[in-house]
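Me: I have a model open and want a quick walk through it. Can we start with the terms and then go to the residues?

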Amino acid sequence: MSGLLAAAVACEPARLSDLVTLVQVLWQFLSLSLFSLGGGNTLLAEYHHLAVAQFCWLTNTQFADLYALAEAAPGPSSMLVGLLGLGAGWREGPFWALLCAYGAEAAILLPSTLLMVMACLSWKRLEHSPWRVAFERGLGPITLGILFAVGLKILRTADTNWAGVVVSVLVCVLMLRTRISPLWFMAVAGVLGGLGVINR
């Protein structure tokens, strides 16, 4: 009983109406922005750690739902950060929820965007430099490894029964072996979820 009580106390959601906590959260996203090699999805494991384990804003299920919503909606994958900010600030009311959503989204996009603009302005001059070629070749395996780890994190977070695992493995195989649009897989998975075949 004392273990359960300690876990509940340890996972008390951080209050973003506290200015110190809000600045800490924004600083976390500002720092992460510079490490989003290969796109926003490469930071998914860290997003999960911040939202579920460190600040306790969301449960695993809520995080998986927000990730699915961000991926289904048109736009960049970094939209997830805005949804996380919205979920984090919702307890404080709609104003704080919107403030946290826009603040988190700006924090994750601004540093990496400025860095990319500066890099693009000078990258062309290094077109034939061996340093540029080595840098680009080195980032490929790193990005693939990070994306593989992110895929495993999503499987562990979202697939909590055998039907979900089977569907995930089947979709992975079909994506690698065919040219079927991912939208079809999303539509079929949505129908299976609506019929109750896949559930949590």
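Reply: Terms first. Buried means under 20% relative accessible area, exposed means over 50%, and partly exposed is in between (1.4 Å probe, protein chains only). This is a predicted model: local features need pLDDT of at least 70, side-chain atom pairs count only at pLDDT 80 or more, and totals for chains, interfaces and linings use all residues. Residues are numbered from 1 along each chain as its sequence is written, and side-chain values use heavy atoms, with hydrogens and water left out.

Me: Ok. Is Ala88 buried or exposed?
Reply: Ala88 is buried, because its relative accessible area is 1%. Ala88 lies in helix α5.

Me: How far is the C-alpha of Ala88 from that of Ala101?
Reply: The two C-alpha atoms are separated by 8.4 Å. Ala88 and Ala101 are 13 residues apart along the chain.

Me: Zooming out, how many helices and strands does the protein chain have?
Reply: Nine helices and zero strands. Helices (H or I, at least four residues) and strands (E, at least two) are DSSP runs, numbered from the N terminus.

Me: What share of the protein chain is buried?
Reply: Buried residues make up 30% of its 200 residues.

Me: Which residues have the most contacts inside the largest nonpolar core?
Reply: Phe29, Leu44, Tyr47, Trp57, Phe63, Leu80 and Leu84, in a core of 27 residues. The elements giving two or more residues to this core are α2 (19-33), α3 (44-54), α4 (60-72), α5 (79-89), α6 and α7 (130-158). A nonpolar core is a set of buried Ala, Val, Leu, Ile, Met, Phe, Trp, Tyr and Cys residues joined through side-chain atoms within 4.5 Å.

Me: Switching to rings. How many aromatic pairs are there?
Reply: Three. Rings of Phe, Tyr and Trp (its six-membered ring) pair if their centres lie within 6.5 Å; planes under 30 degrees apart count as stacked, over 60 as edge-to-face and the rest as tilted.

Me: What is the geometry for Phe55 and Trp57?
Reply: Stacked, at 4.9 Å centre to centre and 10° between the planes. Both Phe55 and Trp57 are buried.

Me: Why is the pair of Phe95 and Trp96 edge-to-face?
Reply: Because their planes are at 80°, with the ring centres 6.3 Å apart. Phe95 is exposed at 61% relative accessible area, and Trp96 is partly exposed at 21%.

Me: Back to the backbone. What is the phi of Cys56?
Reply: Positive, about 60°, although Cys56 is not a glycine. Cys56 sits in the loop between α3 and α4. Cys56 is buried, with a relative accessible area of 5%.

Me: Last one. Where is Met118?
Reply: In helix α6 (residues 94-123). Met118 is exposed, because its relative accessible area is 54%.
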